[in-house]
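Q: Hi! Could you walk me through this one?
A: Happy to. Let's get it on screen and start from one residue.

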Amino acid sequence: MTNSPAIEVLDLQRSFGDTKAVQGVSFEVRQGEIFSLLGPNGAGKTTTISMLSCLLRPDGGDAQVMGHSIREDPMGVKSVLGFVPQEIALYEDLTARENLTFWGKMYGLRGGALKARVEEVLDVIGLRDRAKERVGKYSGGMKRRVNIGVALLHKPQIIYMDEPTVGIDPQSRRNIVDSVVTLKDQGMTVLYTTHYMEEAQELSDQIGIMDHGKMIASGTHDQLVKLVGGQTRIDLTLNMEAGAVLEDWRAVEGVTQVSAEDGLVTVLVDDSNAVLPRLFDVTNRLAARITSVDILEPNLEAVFLHLTGRALRD
Amino acid sequence: MTRILDIAFKDLLQLTRDFKTFMFLLLMPVLFTFLFGYAFGGFSGPSDSRLPVGYLDQDDTWLSHALRDELADSDVIRLDENPNRTYPDLELLVANGDLAAVIIVPDRYGATFLKGKNARLIIIADTSTTAWTTIEAEVMATISRLDSAVRTATILEEIDAERMPFEYAFEQSLEAWEEPPIAVVETTSSAVEASDASSGALAHTSPGMMLQFAIAGLLTSAQVIVTERKSRTLQRLLTTAARRFDILLGHYLAIFTLIFSQFMVLIAFGQFILKVNYLRVPQATLLVAFCAALCISAMGLLIGVLARSEEQAITFSLIPMFLLSGLGGAWVPLEVTGETFAKIGHLSPVAWAMDGFKNISIRGLGFESVLLPAAALAGYAVVFFLLAVWRLSAAEEK
């Protein structure tokens with residue numbers, strides 16, 4: 001990882017009709033690091049990455065990708081990046097080798113270099129033995145691997161991965177996360193979008209949290225967690241309506257925030273060991289009973305909750 | 001340029017792996033050419049192009065029979081005998097054009113003839129037509145032969161009645177006319193060679209079905225483009241060095257190659273199997289096929305860009321297939337639909353393509369006759385292509 005920026009985004013804006021999909025987003029990704037854009041569906045992650053891929057022209061703002069402006073030099077941008085879309089963007093009636101060969105040509109590879117690189121990528125994604133099979137016959141996980149392999153063909157300096165683990169089984173997800181780490185180890189810069197907090201937490205050097213088209217926070221995991229004051233999250237359920245206890249729990253010493261949704265009450269506290277007995281006392285006085293307790297150390301979910309008042313899964 | 005070829009090659013690879021491609025581009029047009037050809041009488045065998053002439057024998061003698069036999073052997077007249085028809089019936093048939101003329105052999109015609117008196121046939125005809133001139137000449141020639149044979153037989157009987165009885169001498173004299181001392185060999189211009197009913201029907205249905213199923217075949221080509229857009233493969237392509245215009249041209253080239261190849265195969269099939277004379281002016285047929293392929297390919301590109309799903313691609317292909325083919329005269333020749341419909345029909349590019357092909361294979365016209373149809377088809381191609389470019393750009397910005 002170096003300090004020189006691979007991607008510099010400045011005040012990026014994009015609307016679709018009256019909907020402001022991206023509203024003045026700015027961030028910076030250093031070379032060799034993994035930067036995750038984290039946010040719920042509709043937060044503006046895909047629109048942002050589409051603009052950074054020169055698929056969409058921004059209404060305002062600009063970004064430099066390895067020194068190429070997305071407004072002024074889209075071909076320069078495209079020459080340094082590999083794009084892994086959320087969908088399986090492959091030709092299902094072609095074999096894996098035919099797909100890779102075609103995409104290699106689209107990236108400008110020819111002749112012996114193309115042939116050699118296709119075989120290398122087949123090895124990387126572990127599908128050389130089944131390279132003659134049509135992609136349409138592959139499992140979801142195998143398709144995902146080819147989907148990523150396509151983006152690696154021209155040895156790009158930067159890879160964009162737009163929610164690459166959506167809708168796949170845990171084992172395939174694990175493989176993809178591992179392959180992203182491998183790419184980083186090879187010196188590539190990765191811009192990764194996800195709405196899975198665990199992935200962002202595990203993979204990222206830097207995380208940008210987006211909501212409603214805005215970048216509401218960014219930094220390392222530790223920096224972000226500090227935003228909630230290192231607070232612990234306690235999820236509780238009651239044997240009665242949560243609304244009956246909320247006001248009393250908010251008054252408990254050491255409690256900083258209380259919210260309820262679908263019968264689950266989330267409480268942010270400074271010290272769970274000290275606060276939890278107090279919560280039980282108050283509940284008893286109200287003739288209610290706590291039926292379950294789940295204590296979660298500070299994480300990105302808590303950060304999102306702290307910043308937006310909503311859970312990330314919303 | 002190489003990226004355009006790469007995209008076209010990839011599309012062709014995909015299309016050739018889809019059985020529907022062959023079904024719509026080759027099997028269906030061949031099948032429907034035969035079906036429509038049959039419906040239009042293409043298999044009724046060689047037609048009798050002789051002039052239909054009614055024949056009413058009121059004399060019923062050996063001479064009137066001899067006259068009938070001679071006329072029945074005519075290369076010009078086809079006798080249509082029905083003893084139940086009355087004089088007014090026959091007049092009506094001539095007036096309606098169902099018969100070119102009617103020959104009535106009156107009672108005692110033979111006796112009068114043999115006496116060397118002025119025997120008269122009654123003929124009902126429209127004497128202002130060229131058909132009448134032909135019939136008159138044929139009847140006069142036949143009577144002249146009969147007269148000559150009667151005179152010869154009479155003379156020979158007078159010389160040696162035992163060896164040359166009248167009937168024998170008469171037959172011999174008539175037979176002699178079958179090998180006349182002077183013969184005329186008739187031939188037909190190659191321009192009208194294909195105009196008999198059999199090849200005429202197929203000469204119409206062959207290009208009609210070829211064009212119709214070229215449009216129907218667009219559903220597979222359009223599906224490739226729709227799937228590319230739906231699966232976001234198009235978006236991925238746009239993150240490579242391929243430009244939007246390269247991608248469209250690549251798809252266009254693939255569809256064009258497929259349709260032009262289809263035309264070549266079906267033209268060869270029409271020429272050598274169905275005996276439709278496409279290759280009378282090969283460069284003209286080639287030009288029409290080329291421009292028609294340009295036009296239909298551009299339509300396919302537009303359908304691919306407009307359709308949002310595979311189902312829509314099918315619908316968007318089949319509707320123009322039926323609409324443009326029906327309107328453009330692929331099923332029923334515009335020549336028989338009336339002037340107004342023919343004018344409306346030419347809003348369809350199919351009508352221009354049909355004109356081009358039929359100007360060569362049926363109407364016997366030259367290369368110049370296909371220039372206007374070719375230009376019209378090229379014009380449609382440009383319009384469809386520009387619409388596809390505009391529509392794709394607009395769609396991708398959303």
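**Contacts, interface and cores**

A: Leaving out neighbours within four places in sequence, K358(B) contacts A203(B), H204(B), P333(B), E335(B) and R363(B), where contact means heavy atoms within 4.5 Å. This is a predicted model, so local features need pLDDT of at least 70 and side-chain atom pairs count only at pLDDT 80 or more, while totals for chains, interfaces and linings use all residues. Residues are numbered from 1 along each chain as its sequence is written, chains are lettered from A and ligands numbered from 1 in the order in which they are written, and side-chain values use heavy atoms, with hydrogens and water left out.

Q: Is K358(B) buried or exposed?
A: K358(B) is buried, at a relative accessible area of 4%; buried means under 20% with a 1.4 Å probe, protein chains only.

Q: And which helix is K358(B) found in?
A: Helix 15 of chain B, residues 349-361. Helices are DSSP runs of H or I with at least four residues, strands are E runs of at least two, and both are numbered from the N terminus.

Q: Switching to the interface: what area is buried between chain A and chain B?
A: About 2,500 Å², with carbon and sulfur atoms giving 57%. That is the accessible area (1.4 Å probe) that two parts lose on being put together, summed over both. In chain A, L55(A), Y91(A) and M106(A) lose the most area to chain B, together 25% of what that side buries.

Q: How many residues does each chain bring to the contact?
A: Chain A brings 31 residues and chain B 24 residues.

Q: How many salt bridges are there across that interface?
A: The rule finds 3, a salt bridge being a side-chain nitrogen of Lys or Arg within 4 Å of a carboxyl oxygen of Asp or Glu. R110(A) and D6(B) also meet through their side chains in a salt bridge, at 2.7 Å from N to O.

Q: OK, cores now. Which residues touch the most other members in the largest nonpolar core?
A: F27(A), Y160(A), L191(A) and F263(B), out of 122 residues. A nonpolar core here is a set of buried Ala, Val, Leu, Ile, Met, Phe, Trp, Tyr and Cys residues joined through side-chain atoms within 4.5 Å. Helix 12 of chain B (residues 282-306) supplies the largest share of this core, 14 residues.

Q: What else is there besides that core?
A: There is a second, separate core of 27 residues, including V53(B), V139(B), L146(B) and A153(B).

Q: Last one: what does L12(B) touch?
A: Not counting residues up to four places away in sequence, L12(B) touches A254(B), T257(B) and L258(B). L12(B) and L253(B) are 241 residues apart in sequence, yet 9.4 Å apart in space, C-alpha to C-alpha.

Technical notes:
Buried < 20%, exposed > 50% of the residue type's maximum accessible area, 1.4 Å probe, protein only.
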